[in-house]
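Please read them with the structure open beside you.

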Amino acid sequence: MKLYPFLLAVFFLGVSATRALAYPAYIGTGYGSCLTCHYNPMGNGPINPYGRAVQATEMAGNLFGQDLESLSETSGFLYMTLPEWLNLQGSFRGLYVGRSLQSTPNRQWITMQAEASGTLIFSKQVMASGTIGYAPLPSSLTPAQSKEIGKIISREHYVGVLPEKGWGFYAGLMDIAFGLRVPDHNAFIRSALLLNINDQTHGVLVHRDWEKGEVALHAFLGRLFDESNSRQKGASVLTEFNVADNFRLGGSFLFSASDIRKRLMFATHTRLQMGKGSSFLGEVGVFHQDLFTFDKSSKTSTDGLFSFIQSRHLFLKGFYGLMTFETYIDSFKEGGNRIFRAGPSLEILPFPKLEVRLDFFGTQVMGLSSIEPSSYSAQVQTHVWL
């Protein structure tokens with residue numbers, strides 16, 4: 001079966017037919033820097049008051065016909081006006097997924113995010129932010145294992161110092177600065193690269209932001225809650241520069257190591273506006289990984305590739321169509337798998353603080369000498385925040 005030409009054709013048709021806008025790609029509406037709307041310069045975590053107003057007036061629909069000024073005023077936490085030194089937020093994100101639709105469907109509800117967050121603004125130069133929430137345990141754990149693992153976690157807590165405009169120094173638990181930070185937790189650039197919803201690390205992040213781009217340097221020690229032999233210590237660098245108006249091109253580099261794993265990754269990524277409200281996201285990269293036995297007597301080395309293309313087109317205010325293409329090669333060696341995933345999505349934000357997303361994906365797994373039957377899955381995401 002000549003699958004590669006088919007996938008290549010689908011890729012170019014999808015890219016030419018629709019253009020992207022995703023959470024890190026609000027560049028489609030003219031917002032290139034995450035720091036515009038988030039306290040965390042890499043995005044994620046609590047949204048500042050300006051970001052709340054932008055989401056309510058520019059991104060979401062207006063089902064109840066409110067005027068823009070009213071939407072902006074009610075965009076705060078529980079529709080309240082908090083003091084300038086305090087920001088509170090609650091978030092819930094759930095996922096209902098149906099796998100193997102072509103055979104016996106496997107349906108499951110997953111609570112991806114249920115947390116509260118708070119940010120204290122001590123001055124224009126000093127702030128602190130943190131989250132606390134519920135993390136469901138994997139169903140594969142035994143009752144004994146479940147008792148040993150807590151369900152209440154913090155995915156982010158840090159102190160930030162901003163000595164002058166364009167400079168930020170942050171210390172604490174944060175996401176690793178690498179690549180596009182898309183909200184798709186099952187995307188290969190997150191799940192397969194250990195950059196997912198529970199893969200934060202303690203460390204120090206230095207961020208430089210100016211009109212034509214940004215640079216982030218992240219030195220980290222791994223999650224200090226984990227066993228010392230599994231903590232990934234290392235550093236990453238992320239850069240993005242404005243090639244033109246609302247067109248950013250960048251790259252990321254990461255090196256980390258522990259007693260059981262060593263990895264090296266490089267990626268190049270882009271974000272650009274393709275018409276008002278619509279934009280394009282792309283990332284492609286390579287990785288090298290060494291896995292060691294506990295006694296360090298042997299290791300297994302792999303080299304692979306990953307790519308992510310996602311388009312999001314604005315149909316109507318609060319109503320978006322997406323198309324996603326992903327590739328993941330876990331090893332170029334014999335026995336390695338080539339995984340291709342593609343599918344359309346529909347994202348609906350009927351009014352501020354509510355998002356519903358419908359996804360349909362087809363996945364093809366290929367070995368060097370075999371091709372597995374294609375599999376299909378559908379999922380419904382709900383995201384509510386206060």
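Predicted model: local features only at pLDDT ≥ 70, side-chain atom pairs only at ≥ 80, totals over all residues.

1. R312 lies over the face of Y320, at 3.6 Å from the ring centre, and K353 is placed likewise over the face of Y79, at 4.1 Å from the ring centre. A charge is taken to sit over a ring if NZ of Lys or CZ of Arg is within 6 Å of the ring centre and within 35 degrees of the ring normal. R312 also stands opposite L322 in strand 14.

2. Residues are numbered from 1 along each chain as its sequence is written, and side-chain values use heavy atoms, with hydrogens and water left out.

3. Strand 14 covers residues 319-329, where strands (E, at least two residues) and helices (H or I, at least four) are DSSP runs numbered from the N terminus. Eleven bridges join strand 14 to strand 13 (residues 299-316), and the two run antiparallel; strands count as paired if DSSP finds at least two bridges between them. On the other pairing, eleven bridges join strand 14 to strand 15 (residues 338-348), again antiparallel, with T324 opposite G343 in strand 15. The hairpin of strand 13 and strand 14 has two residues between the strands, and G318 takes a positive phi near 85° there.

4. How many of the eleven residues of strand 14 are buried? Ten of them are, so the strand is mostly covered, where buried means under 20% relative accessible area, exposed over 50%, and partly exposed in between (1.4 Å probe, protein chains only).

5. The largest nonpolar core has 20 residues, of which F178, V182, I189, L193, M265 and F306 touch the most other members. Helix 5 (188-191), strand 11 (261-273), strand 12 (279-292) and strand 13 each supply at least two residues of this core. A nonpolar core is here a set of buried Ala, Val, Leu, Ile, Met, Phe, Trp, Tyr and Cys residues joined through side-chain atoms within 4.5 Å. A second, separate core of ten residues includes Y158, Y170, A177 and A216.

6. Which residues does F306 touch, not counting those up to four places away in sequence? Among them are F178, I189, L193, F266, F287, T327 and Y328, contact meaning heavy atoms within 4.5 Å.

7. The structure holds eight aromatic pairs; rings of Phe, Tyr and Trp (its six-membered ring) pair if their centres lie within 6.5 Å, and planes under 30 degrees apart count as stacked, over 60 as edge-to-face and the rest as tilted. F287 and Y328 form a stacked pair, 5.9 Å centre to centre with 10° between the planes, and this pair links strand 12, which holds F287, to strand 14, which holds Y328, across 41 residues of sequence. F287 is buried at a relative accessible area of 9%, and Y328 is buried at 12%. The rings of F315 and F319 have their centres 5.9 Å apart and their planes at 45°, so that pair is tilted; F315 is partly exposed at 45% relative accessibility, and F319 is partly exposed at 30%. Ring pairs also link F188, F287 and Y328 into a cluster.

8. A search of the whole structure finds ten salt bridges, each a side-chain nitrogen of Lys or Arg within 4 Å of a carboxyl oxygen of Asp or Glu. One of them joins R357 and D184 (2.4 Å, N to O). Why does this pair tie together parts that are 173 residues apart in sequence? R357 lies in strand 16 (residues 354-366), whereas D184 lies in the loop between strand 6 (167-174) and helix 5. R357 counts as buried at 5% relative accessibility, and D184 is buried with a relative accessible area of 6%.

9. E240 and R271 meet in a salt bridge (2.7 Å, N to O), and the pair links strand 9 (residues 233-244), where E240 lies, to strand 11, where R271 lies, 31 residues apart. E240 counts as buried at 5% relative accessibility, and R271 is buried at 3%. E214, E240, R248 and R271 are linked in a network of salt bridges.
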